[in-house]
Amino acid sequence: KNLGDTGIDLYPTALRAEIERVRQIVYGFNAGVYKCGFAATAEAHKRAMNETFAALDACEVLLAGRQYLAGERLTECDVLAFPTLVRFDVSYYTAFRCNRQRIRDYPNISRYMARLYSLAAFRDTVHMPTYVCVHFIEAQWRGRLVGNALRLIEATVDTVTGASLPGSSWLRRTMSRVVTLPARLLGAIFK
């Protein structure tokens with residue numbers, strides 16, 4: 001919990017109760033995306049979607065009044081949340097069909113992610129092309145080759161244009177949406 005020589009305490013005594021509470025919310029979407037991706041039935045997928053988005057909605061509310069998940073300083077909750085949140089739009093939304101809404105559709109989480117991404121310790125761990133490839137390989141395709149291939153195109157364009165990065169500009173996101181419009185329309189047909 002303490003990173004030793006760095007002097008960074010990610011589990012400060014004064015915030016431990018809040019960290020423990022928020023950790024359960026973070027677990028809700030960290031585990032929820034995989035429950036969605038590997039759900040064996042439509043009912044299991046629906047339950048996993050509800051769990052995932054309830055946790056994301058809770059984070060959105062938390063971040064309306066604070067800089068970080070457990071308060072006004074970086075804690076282990078932020079470290080635990082970052083990998084899932086940064087991969088969400090290019091991986092889990094598309095490959096794992098966690099597609100109720102994207103992280104970029106949550107204004108408070110989006111600002112929070114831009115704040116974390118501005119820190120080299122977080123930014124230097126991000127490699128979007130890997131996330132796109134690995135999670136599409138992991139996903140159980142279940143006979144949806146056309147739909148999944150179209151979502152892969154969308155995720156790749158988001159990655160190439162930089163639209164998937166936290167804090168990406170309106171222009172990058174719009175350019176990505178325009179370029180992928182045919183794939184999204186076909187994807188809706190082959191859902």
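Colleague: Where do phenylalanine 88 and tyrosine 92 lie?

Modeller: Both are in helix H3, 4 residues apart, about one turn of the helix. Helices here are DSSP runs (H or I, at least four residues), numbered from the N terminus. This is a predicted model, where local features need pLDDT of at least 70, side-chain atom pairs count only at pLDDT 80 or more, and totals for chains, interfaces and linings use all residues. Residues are numbered from 1 along each chain as its sequence is written, and side-chain values use heavy atoms, leaving out hydrogens and water.

Colleague: Is phenylalanine 88 buried or exposed?

Modeller: Phenylalanine 88 is buried, with a relative accessible area of 1%; tyrosine 92 is also buried, at 1%. Buried means under 20% relative accessible area, exposed over 50%, and partly exposed in between (1.4 Å probe, protein chains only).

Colleague: And how many aromatic pairs are there?

Modeller: The structure has 8. Rings of Phe, Tyr and Trp (its six-membered ring) pair if their centres lie within 6.5 Å; planes under 30 degrees apart are stacked, over 60 edge-to-face, the rest tilted. Tyrosine 34 and phenylalanine 38 are stacked, 6.4 Å centre to centre with 10° between the planes. The phenylalanine 88 and tyrosine 92 rings have centres 6.3 Å apart and planes at 65°, so that pair is edge-to-face.

Colleague: Which residues do ring pairs link into a cluster?

Modeller: Tyr34, Phe38, Phe53, Phe88, Tyr92 and Phe96.

Colleague: Switching to H4, which residues are buried there?

Modeller: In H4 (residues 107-117), Asn108, Ile109, Tyr112, Met113, Leu116 and Tyr117 are buried.

How values were computed. Helix = DSSP H or I, 4+ residues; strand = E, 2+ residues; numbered from the N terminus.
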